[in-house]
Amino acid sequence: MTAIAEEDKTIEVLLVEDNAGDVRLAREAFRDVNRSIRLHLASDGVEAMAFLRQEGVHLDAPRPDFILLDLNLPKMDGREVLAQIKGDKSLKLIPTIVLSSSETDADVLISYQLQANCYLRKPAQWDAFDSLVRSINTFWLTKVKLPQQVPS
Amino acid sequence: MTINSTGEDMLKEVLLVEDSPGDVRLTREAFRDFDKNVRLHVAIDGVDAMAFLRHEGAHANAPRPDFILLDLNLPKMDGREVLACIKKDENLKTIPTIILTTSDAEVDIAKSYQLQANCYLVKPVQLDEFENLVKSISDFWLTKVKLTQQPHGR
């Protein structure tokens, strides 16, 4: 019975990304793969935290079902954003997927240390990017059970 | 269980923490079908899982898993407690820990994410769906995700 409601539900995704080209690629890829996804954008770390804490212009921001987080961001670094999300009793439940062009072991390790839910390398090629978005959609939205409860 | 000389880098060590022999068998067969490079290790209760991860007792030579599949309802030490122990340990916390359980209770899902499970999957009852899920895990976690490259072993 809940399955029907869940299928119709809009999926709120927060993309934290400063590169306009990558934002565009992500938007197009998600639009192609799943119409029920509503992609929200934060172009730096400070804005991402304001969105998640519903501050300022983000007063009515929805709680994202999951977050796609770049590591290298202006104003507040993605690692710091991740640390703040995972240090917050309520926000820590939101699956946070690091999506970064960095492939260095140090970045992968620090991300898992900060409790990123997974680390994905952003491909440079459009078709690989598109295929990665498909994988994210298939795994996180059709297989994984996302948390529905907001802890008090 | 054959390790060829060139395949060693590719070999993925997966720890399955599961007390049901039927589910262990299904998981083993599904991984064998989809990914020959997976070496599946089994811990049948929570105490055994922690001993494996800490290289204690019979597990002195256990490899460090690339990821962990963890059932919630386990004898001796509950899956939630195993998860809490893993995610509190500075060394073990970087191992992706995937909950794979029959429970789809919201409270179990929320609690698992609170304890920083990397994701939560409900074990399907149907055989083909179970195989399909293992294929998805294999596809996503072994071909898309970047895992930590820490030295295996100790």
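How many residues does helix H6 of chain A have, and how far does it reach from its first C-alpha to its last? Helix H6, residues 126-143 of chain A, has 18 residues and reaches 25 Å. That is close to the 26 Å expected at 1.5 Å a residue. The expected span here is 1.5 Å times one less than the number of residues. Helices (H or I, at least four residues) and strands (E, at least two) are DSSP runs, numbered from the N terminus.

Some ground rules. This is a predicted model, where local features need pLDDT of at least 70 and side-chain atom pairs count only at pLDDT 80 or more, while totals for chains, interfaces and linings use all residues. Residues are numbered from 1 along each chain as its sequence is written, chains are lettered from A and ligands numbered from 1 in the order in which they are written, and side-chain values use heavy atoms, with hydrogens and water left out.

Back to H6 of chain A. Its buried residues include Phe129(A), Leu132(A), Ile136(A), Phe139(A) and Trp140(A). Buried means under 20% relative accessible area, exposed means over 50%, and partly exposed is in between (1.4 Å probe, protein chains only).

Now the rings. Rings of Phe, Tyr and Trp (its six-membered ring) pair if their centres lie within 6.5 Å. Planes under 30 degrees apart count as stacked, over 60 as edge-to-face, and the rest as tilted. Over all chains, that rule gives six aromatic pairs. Take Trp140(A) and Phe140(B). Their ring centres are 6.5 Å apart and their planes stand at 80°, so this pair is edge-to-face. The pair crosses between chains: Trp140(A) sits in helix H6 of chain A, and Phe140(B) in helix H5, residues 127-144, of chain B. Both Trp140(A) and Phe140(B) are buried.

Next, Phe67(B) and Trp141(B). Their centres are 6.5 Å apart with planes at 45°, so we call the pair tilted. This one links distant parts of the chain, with Phe67(B) in strand S3, residues 67-70, and Trp141(B) in helix H5 of chain B, 74 residues apart. Phe67(B) is buried at 0% relative accessibility. Trp141(B) also has a relative accessible area of 0% and is buried.

On to the interface. The size of an interface is often given as the accessible area lost when the parts come together. Chain A and chain B bury about 2800 Å² between them, 61% of it on carbon and sulfur atoms. Buried area is the accessible area (1.4 Å probe) that two parts lose on being put together, summed over both. On the chain A side, Tyr112(A), Phe139(A) and Lys145(A) lose the most area to chain B, together 23% of what that side buries. The contact takes 31 residues from chain A and 31 residues from chain B. Contact means heavy atoms within 4.5 Å.

How many salt bridges are there between chain A and chain B? The count is one. A salt bridge is a side-chain nitrogen of Lys or Arg within 4 Å of a carboxyl oxygen of Asp or Glu. Here Lys146(B) pairs with Glu103(A), the closest N and O atoms being 3.2 Å apart.

Compare Lys12(B), found in strand S1, residues 12-17, of chain B. Lys12(B) is buried yet has no salt bridge. The nearest side chain of opposite charge, Asp66(B), is 4.6 Å away. For charge, Lys and Arg count as positive and Asp and Glu as negative; His and the chain ends are not counted.

In helix H3, residues 79-88, seven of the 10 residues are buried, so it is largely enclosed by the rest of the structure. Among them are Val82(B), Leu83(B) and Ile86(B). The cover over the buried residues of H3(B) includes helix H2 (46-53), S3, strand S4 (97-101) and helix H4 (106-114) of chain B. In H2(B), six of the eight residues are buried, so H2(B) is largely enclosed too. Its buried residues include Met50(B), Phe52(B) and Leu53(B).

Last stop: Leu99(A), in strand S4, residues 96-100, of chain A. Leu99(A) counts as buried, at 6% relative accessibility. Leaving aside neighbours within four places in sequence, its contacts include Leu69(A), Leu120(A) and Leu132(A).
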